[in-house]
Amino acid sequence: MNRWATFFLKGVIILIGMVVLGLCIFLLPEIASRDAEAHPETAYLQYPFLLAAYLFSTPFFIALYQAFKLLVYIDKNNAFTELSLRALKVIKRCTITIIAFIGAGIISVVILSAGTGEDITGIISLGFMLTFASSIIATFVGVLQKLVKVVVDIKSENDLIV
Amino acid sequence: MKQVSTLFLKIAVILIGIPVLALCIFLVPELGKLATKLLPGFASIKYLVSIVFYASAIPFYFALYQAFKLLRYIDKNIAFSELSVKALKNIKYCAITISCLHVLVLPLFYLFAEKDDAPGVIFVGMVVPFASMVIAVFAAVLQKLLKEAIDIKSENDLTV
């Protein structure tokens, strides 16, 4: 296995994680407080919003960590084992959780903005785009999981024979 | 193999192709005009930009087609074959080509950022080459793993 390829992918995962972490730490509180200033009537939502956002990012970080672990397994030539199957399963569940969170977010936006006459088309379509992207990832991981399982089964059969 | 998940991914592959087609039709001429505005003394830049973007659309669609083929192999239970290795190899080369082509237009993003005083534009320009590089490396890793799986499987077939 080429080391540099997995090394590069590991670097990418760390980069993505750091960018999202930076957004969570610096950008989100700013957005929340600015919004609370702009709309004093919904200021009580400032901290619930932050809490929801951090809750939302947790499965994302778990998925990134599992992907990192998967790359470590590939490095160690342990790609076709129960360990990587488990990592793939966790990634799939995290993605499904994120989809559920986005769905809940869309519903709450619709409920909260009902009757205020604000334009929420942009945020809703962004939500649908994110849902689409995460469902692609979830399905792709599911397919990978099945393929890896086939190989793991064949491999264990081999080991039995030998 | 469950057909539903591969069917969903096939639909996704087709859906991804549509917005890129729209970008090619509507956005690229605009970008060409923008480039002539940025470099008034160099009129042929318009054609250069159009050529780069249209040229990178070709490997993009070819890669989508290869991904579609790969999904078909998975459906037919021949995922662990030389055919899929070849498809993954093609995807890898396509991603590398797209990445190189988009690096060529990076100076234009630099000029635009300079003029508009918006340094963030450079990062926007780097998204496509970087993302395609990640896809290329990912395809390379998958290719290696696939080869390993094929070896394991052929060993199995031999013993049986």
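This is a predicted model: local features need pLDDT of at least 70, side-chain atom pairs count only at pLDDT 80 or more; totals for chains, interfaces and linings use all residues.
Chain A has 4 helices and 0 strands, and chain B has 5 helices and 0 strands. Each chain is more spread out than a compact globule, as the radius of gyration shows for chain A and for chain B.

**Overall form of chain A**

- Read from the N terminus, the elements of chain A follow the order α-α-α-α.
- Chain A has a radius of gyration of 20 Å, whereas the globule rule gives 15 Å for 162 residues, so chain A is more spread out than a compact globule.
- The C-alpha trace of chain A extends over about 70 × 25 × 20 Å along its principal axes.
- Buried residues make up 19% of the 162 residues of chain A.
- Of the contacts in chain A between residues at least 6 apart in sequence, 74% link residues at least 24 apart.

**Overall form of chain B**

- The order of elements in chain B, starting at the N terminus, is α-α-α-α-α.
- For the 160 residues of chain B the globule rule gives 15 Å, and the radius of gyration, at 20 Å, is well over this value, so chain B is more spread out than a compact globule.
- A box of roughly 70 × 25 × 25 Å, taken along the principal axes, is filled by the C-alpha atoms of chain B.
- In chain B, 25% of the 160 residues count as buried.
- Among contacts in chain B between residues at least 6 apart in sequence, the share that joins residues at least 24 apart is 72%.

**Packing of two helices in chain A**

- Two packed helices are described by the angle between their axes and the distance between the axes.
- In chain A, the axes of helix α1 (residues 3-38) and helix α2 (residues 46-75) come within 10 Å and cross at roughly 175°.
- Angles over 145 degrees count as roughly antiparallel, and α1(A) and α2(A) are therefore roughly antiparallel to each other.
- The contact of α1(A) with α2(A) comprises 20 nonpolar, 5 polar and 3 charged residues.

**Contact between the chains**

- On the two sides of the contact, 23 residues of chain A meet 21 residues of chain B.
- On the chain B side, α1 (3-38) and α5 (120-159) each supply at least two of the residues that touch chain A.
- The helix that gives the most to this side of chain B is α5(B), with 13 residues.
- Sorted by class, the side of chain B that touches chain A has 14 nonpolar, 4 polar and 3 charged residues.

**Annotated regions**

- An unreviewed UniProt entry lists a "transmembrane region" at residues 7-29, 49-74, 94-114 and 120-144 of chain A.
- In the model, residues 94-114 of chain A are 90% helix and 0% strand, with end C-alpha atoms 30 Å apart.
- Residues 120-144 of chain A are 96% helix and 0% strand, and their end C-alpha atoms lie 36 Å apart.
- For chain B, UniProt (unreviewed entry) places the feature "transmembrane region" at residues 7-28, 48-71, 91-112 and 118-142.
- The span 91-112 of chain B is 95% helix and 0% strand, and its end C-alpha atoms are 31 Å apart.
- The span 118-142 of chain B is 92% helix and 0% strand, with a distance of 38 Å between its end C-alpha atoms.

**Selected residues**

- Most residues other than glycine have a negative phi.
- Asn77(A), by contrast, has a positive phi near 60°; Asn77(A) lies in the loop between α2 and α3 of chain A.
- Asn77(A) has 10 C-beta neighbours inside 10 Å and therefore counts as exposed.
- Asn77(B) also has a positive phi, of about 60°, and is located in the loop between α2 (45-75) and α3 (82-104) of chain B.
- Asn77(B) is exposed, with 10 other C-beta atoms within 10 Å.
- Arg86(A) belongs to helix α3 (residues 82-112) of chain A and counts as partly exposed, with 14 C-beta neighbours inside 10 Å.
- Arg86(A) and Gly115(A) are 29 residues apart along the chain, and their C-alpha atoms are separated by 46 Å.
- Met133(B) lies in helix α5 of chain B and counts as partly exposed, with 19 C-beta neighbours inside 10 Å.
- From Met133(B) to Leu111(B), 22 residues apart in sequence, the C-alpha to C-alpha distance is 23 Å.

Technical notes: Residues are numbered from 1 along each chain as its sequence is written. Chains are lettered from A and ligands numbered from 1 in the order in which they are written. The radius of gyration is taken over C-alpha atoms; the globule rule is 2.2 Å times the number of residues to the power 0.38. A residue is buried if 20 or more other C-beta atoms lie within 10 Å of its own, exposed if 12 or fewer, and partly exposed in between; C-beta atoms are placed from the backbone. Two residues are in contact if their C-beta atoms, placed from the backbone, lie within 7 Å. UniProt positions are given in the numbering used here, feature names are shortened, and annotations may be inferred rather than shown by experiment. Ala, Val, Leu, Ile, Met, Phe, Trp, Tyr, Cys and Pro count as nonpolar, Asp, Glu, Lys and Arg as charged, and the others, Gly among them, as polar. Axes are lines fitted to C-alpha atoms, for helices over the stretch in contact, and angles run from 0 to 180 degrees between N-to-C directions. Angles under 35 degrees count as roughly parallel, over 145 as roughly antiparallel, 65 to 115 as roughly perpendicular and the rest as oblique.
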